[in-house]
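Visitor: Can you walk me through the packing in this one? Start with the rings, please.

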Amino acid sequence: MERKWWQEEVIYQIYPKSFKDSNGDGIGDIRGITEKLDYLKDLGVTMLWICPVYRSPMDDNGYDVSDYRALAPEFGEMEDLEELIREAKRREIKIMMDLVINHSSDEHEWFRKALEDPESRYHDYYVFKEGTEIPNNWRSIFGGSVWEKVPGRDEYYYHTFGKKQPDLNWENEELRKELYDMVNWWLDQGIAGFRIDAISFIKKDLTWESREPDGVDGLVKCTKTSRNWPGIEKFLYELRNETFDKHCCVTVAEAAGVPYDKMDEFIGEDGFFDMIFDFRYADLDIASGSEWFKRIPWTVKELNEKIMASQMTMQKYGWTANFIENHDQPRAASKYLKEAQDNPDAVKMMAAMYFFLRGTPFIYQGQELGMVDFERTSIEQFNDISSIDQYYRSIEEGLTEDEALKIVNLRSRDNARTPFPWNGEKYGGFSEETPWLEMTEEYPKINANAQVGQQGSIYEFYREMIAYRQSGPHRDTLIYGAIEPVETGDDVIAYRRYTDEESICCLFNFSGEEREETLPSENGTPLWGNLDHVSVDGNKIRLQPYQAVLIKEKM
């Protein structure tokens, strides 16, 4: 495919509430991000994805927007954001914002006016149904019915997520124009683009018919009736044409559930977006992203198969966004490495495994330190609305309170949202006051101050790995080269990155024991890895426990 500027980016995701508190209120803010730009520059990242900082009542931590053109006061003023954009640019770092346009907050002016006057134009900005009974049996992503009764009226409004997040009615052309004007306004502020939240839910099954229940609550997942629904392509093409195409920007879609045979529409040459997150390998441990209590055992071989299926599909159609952590996922070290989560070699190996895949790599804050999950002892310690719903729904589905708590600890979105540990002091240097969310227990041991400049640390490994991709002698192959899987044993993931001029075999041992593998060619040259010793004999390689190694093959 034609080379694009955003293929060379290394994108670092920031959850502002938990990154750095600059004013001592226990909540991270925009000035806190600006304070740490040199840390990010030294790491080597080239773009920041900032999770929502728009005005919001914070029912879903900013993913419930009450004013798209104003900032939440706890994060700062517009002048602070302008300063962040300016200071980041001075360090050659771009800023990408989060775009939440499937729904708004119920405190948005549009929704307030819709409730005040059913005859107003704003009433059709949302999805309302008249009646004395709930319109259908669809279940929201955060549990319970997608329908919430309007107080004092025989009417219900629709919400894919929480009841304080009413869905916007994309069938309304006037609403769409308002959204496009807002998107263009933000792009004119000098940002580099958007990560687009939950965009695959904007089109619904307009028959609104009930379906066969799939839970003891008598409800059915709304993903079956309002995700990637036929007709969504009209809205997505229009969104692109009216906004993104008018700017030199990058777009990354959170569009779970897109069938692989439809991927061309999303990221192809004439696709809606530049990149997409594929959650198939991220959710390999659960039945679906909205049913944590249905745990699924998995193997490294299955992880390998899911990653390679994703890579080969994305290569066929376009470009992808590679990740192992984000604000909605538990920490990768805990999820993928399990008992080896505290082994630095294992953490580095896993990092290299995803980082050199074909696509643009994303790093989530704290991932570069090897942060791990917490263990809460009570549901009262959780902030995440989804975690609380999953706890009670798990009990409803037959789990004990202890079993439900264990499941939520394993999967809670709060795992990734704990405050960033800058040092080993109280509250980890994140704030001088009690943080809005409890720290992860490991912060006296895992923190930035203990790793920056320390040879052999996970942070320094990330720094070296980023530099190797961005400016090393094999950057063209590792960024733009094609990919194909390499057959291995069950505990090893391997693939080739190649161009017409060069081929590099990348191998990653997920086992705590040595593994011998057969290389595609003989007498390859070791290039780079997480361990010093590489044992190659002809076409055989003996991988040490948790070893990552890149081998240049003879052409």
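**Rings, cores and a sheet**

Guide: By the pairing rule used here, the count comes to 46 aromatic pairs. Bear in mind that this is a predicted model.

Visitor: Take tyrosine 39 and tyrosine 459. How far apart are the ring centres, and is the pair stacked, tilted or edge-to-face?

Guide: The centres are 5.3 Å apart. The planes sit at 35°, between the 30 and 60 degree cut-offs, so the pair is tilted.

Visitor: Where in the chain do those two tyrosines come from?

Guide: Tyrosine 39 is in helix 2 (residues 37-43) and tyrosine 459 is in helix 14 (residues 458-471). They are 420 residues apart, so the pair links distant parts of the chain.

Visitor: Is tyrosine 39 buried or exposed? And tyrosine 459, buried or exposed?

Guide: Tyrosine 39 has a relative accessible area of 11%, under the 20% cut-off, so it is buried. Tyrosine 459 is at 1% relative accessibility and counts as buried too.

Visitor: What about tryptophan 147 and tryptophan 208?

Guide: Their ring centres are 5.7 Å apart. The planes are at 65°, over 60, so this pair is edge-to-face. Tryptophan 147 lies in strand 8 (residues 147-149), and tryptophan 208 lies in the loop between strand 10 (193-197) and strand 11 (220-221). The pair therefore ties together parts that are 61 residues apart in sequence. Both tryptophans are buried.

Visitor: Which rings link into a cluster?

Guide: Tyr54, Tyr68, Trp110, Tyr122, Tyr125, Trp185 and Trp186 do, through ring pairs.

Visitor: Which charged ends sit over rings?

Guide: The charged end of arginine 3 sits over the ring of tyrosine 480, 3.8 Å from its centre. Lysine 36 has its charged end over the ring of tryptophan 422, 4.2 Å from the centre.

Visitor: Switching to the largest nonpolar core. Which members touch the most others?

Guide: Tyr12, Leu48 and Phe194, out of 146 residues. Helix 11 (residues 344-355) gives the most to this core, with 9 residues. Another core, of 14 residues, lies apart from it; Trp138 and Phe161 are among them.

Visitor: What is phenylalanine 194 in contact with, beyond its sequence neighbours?

Guide: Its contacts include Tyr54, Met96, Trp186, Phe244 and Val252.

Visitor: How many bridges join strand 21 to strand 24?

Guide: There are 4. In strand 24, leucine 543 is the bridge partner of arginine 515.

Terms used
Residues are numbered from 1 along each chain as its sequence is written. This is a predicted model: local features need pLDDT of at least 70, side-chain atom pairs count only at pLDDT 80 or more; totals for chains, interfaces and linings use all residues. Side-chain values use heavy atoms; hydrogens and water are left out. A nonpolar core is a set of buried Ala, Val, Leu, Ile, Met, Phe, Trp, Tyr and Cys residues joined through side-chain atoms within 4.5 Å. Buried means under 20% relative accessible area, exposed over 50%, partly exposed in between (1.4 Å probe, protein chains only). Contact means heavy atoms within 4.5 Å. Rings of Phe, Tyr and Trp (its six-membered ring) pair if their centres lie within 6.5 Å; planes under 30 degrees apart count as stacked, over 60 as edge-to-face and the rest as tilted. A charge sits over a ring if NZ of Lys or CZ of Arg is within 6 Å of the ring centre and within 35 degrees of the ring normal. Two strands pair if DSSP finds at least two bridges between them. Lists of a residue's contacts leave out its neighbours within four places in sequence.
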